[in-house]
Amino acid sequence: LLAEMGRFNKLLRRVSGSLADLGKAIKGLITMSADLDAMYGAMLKNQVPLLWAKVSYPSLKPLSSWFKDLQERVRFMRGWLAAGVSGMACYSLPAFFFPQGFMTGILQMHARRYSIPIDSLSFSYEIRTEETAAACAAPPEDGVYIDGFFLDGARWDREKRQLADSRPTVMYDTLPVIHFVPTPHFERSEKDYECPLYKTAVRAGVLSTTGQSTNFVVAVDMPTDRDPDYWVAMGTAMLCALAS
């Protein structure tokens, strides 16, 4: 939480400071620098200014949607700070700058709790019936409940509790809450589809200094009655955020 708050505070300082400077530059109180001029031009086109994007999380949203998304992320972090770990029944993984760090922290807590070597732990997944975080009454005994994901190239069949073909004209489907369960020596079923989770719809990234991808997060095993290769051909993937 401290690491995430540090990143968000840096972004918020950049946004508020540059907006104040832009207002002064328009009034002629300070010089209109190249950065401020580019920022003003981007805002006229409903684009996120490069000055902000340099310290922001990955996003393909236009400026109007990006700003609403930023407010939602900050609201989640403030709620987490106020409630504490014991008061959080469900987390929004898409709200994080660096979700891999949060997931590693969950594995570390589980390893300490049960005196298990952390390198023997990995996540197994259970897709719940609760649709939103508000429906989760209490945190699970082990692992975490996580919500906020979208499904691209398929939909989640609530009745059969498995992947199904997308409905006509519906590009994306929402996913229910997913239980991330730390499991020792987990072996995935070959019948499940290993669905990749990305931060954005670009589905491409580079390795960061931590050795983690800047866009790919994790692969979530999802039940299906089809050959998993079918979903590979359909380009089925989970997304943390849409481009609109």
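This is a predicted model: local features need pLDDT of at least 70, side-chain atom pairs count only at pLDDT 80 or more; totals for chains, interfaces and linings use all residues.
The chain has six helices and eleven strands. Its C-alpha trace spans about 65 × 45 × 35 Å along the principal axes. The chain holds 244 residues, of which 42% count as buried. Among contacts with a separation of 6 or more, 66% come from residues 24 or more positions apart.

Two helices were examined as a pair. Two packed helices are described by the angle between their axes and the distance between the axes. Helix α1 covers residues 2-27, and helix α4 covers residues 63-83. Their axes come within 11 Å and cross at roughly 140 degrees. The two helices are therefore oblique to each other. An angle over 145 degrees would count as roughly antiparallel. The crossing of α1 past α4 is left-handed.

The α1 side of this contact consists of Glu-4, Met-5, Phe-8, Leu-11, Leu-12 and Val-15. On the α4 side stand Trp-66, Leu-70, Arg-73, Val-74, Met-77 and Leu-81. By class, the contact residues of α1 and α4 are ten nonpolar, two charged and no polar.

Glu-4 also takes part in a salt bridge. Its partner is Arg-7, with the closest N and O atoms 3.5 Å apart. Both residues belong to helix α1. They sit three residues apart, about one turn of the helix.

The whole structure contains eleven salt bridges. Another of them joins the side chains of Asp-173 and Arg-158, at 3.1 Å from N to O. This pair links distant parts of the chain, 15 residues apart. Asp-173 lies in strand β7, residues 172-174. Arg-158 lies in the loop between β5 (155-157) and β6 (162-164). Asp-173 counts as buried at 16% relative accessibility. Arg-158 is partly exposed, with a relative accessible area of 34%.

A further salt bridge connects Glu-194 with Arg-188. Here the closest N and O atoms are 3.7 Å apart. Glu-194 has 40% relative accessibility and counts as partly exposed. Arg-188, with a relative accessible area of 30%, is partly exposed. Elsewhere, a network of salt bridges links Glu-126, Arg-128 and Glu-130.

Most residues other than glycine have a negative phi. Asn-46 has a positive phi, near 60 degrees, and is a residue other than glycine. Asn-46 is placed in the loop between α2 (34-44) and α3 (50-53). With a relative accessible area of 32%, Asn-46 is partly exposed.

Thr-169 is not a glycine, yet its phi is positive, at about 70 degrees. Thr-169 occupies the loop between β6 and β7. Strand β7 is the strand that holds Asp-173. The relative accessible area of Thr-169 is 82%, so Thr-169 is exposed.

Technical notes
Residues are numbered from 1 along each chain as its sequence is written. Side-chain values use heavy atoms; hydrogens and water are left out. Axes are lines fitted to C-alpha atoms, for helices over the stretch in contact, and angles run from 0 to 180 degrees between N-to-C directions. Helices (H or I, at least four residues) and strands (E, at least two) are DSSP runs, numbered from the N terminus. Angles under 35 degrees count as roughly parallel, over 145 as roughly antiparallel, 65 to 115 as roughly perpendicular and the rest as oblique. A crossing is left-handed if the near helix is turned anticlockwise from the far one by less than a right angle, and right-handed if clockwise. Contact means heavy atoms within 4.5 Å. Ala, Val, Leu, Ile, Met, Phe, Trp, Tyr, Cys and Pro count as nonpolar, Asp, Glu, Lys and Arg as charged, and the others, Gly among them, as polar. A salt bridge is a side-chain nitrogen of Lys or Arg within 4 Å of a carboxyl oxygen of Asp or Glu. Buried means under 20% relative accessible area, exposed over 50%, partly exposed in between (1.4 Å probe, protein chains only).
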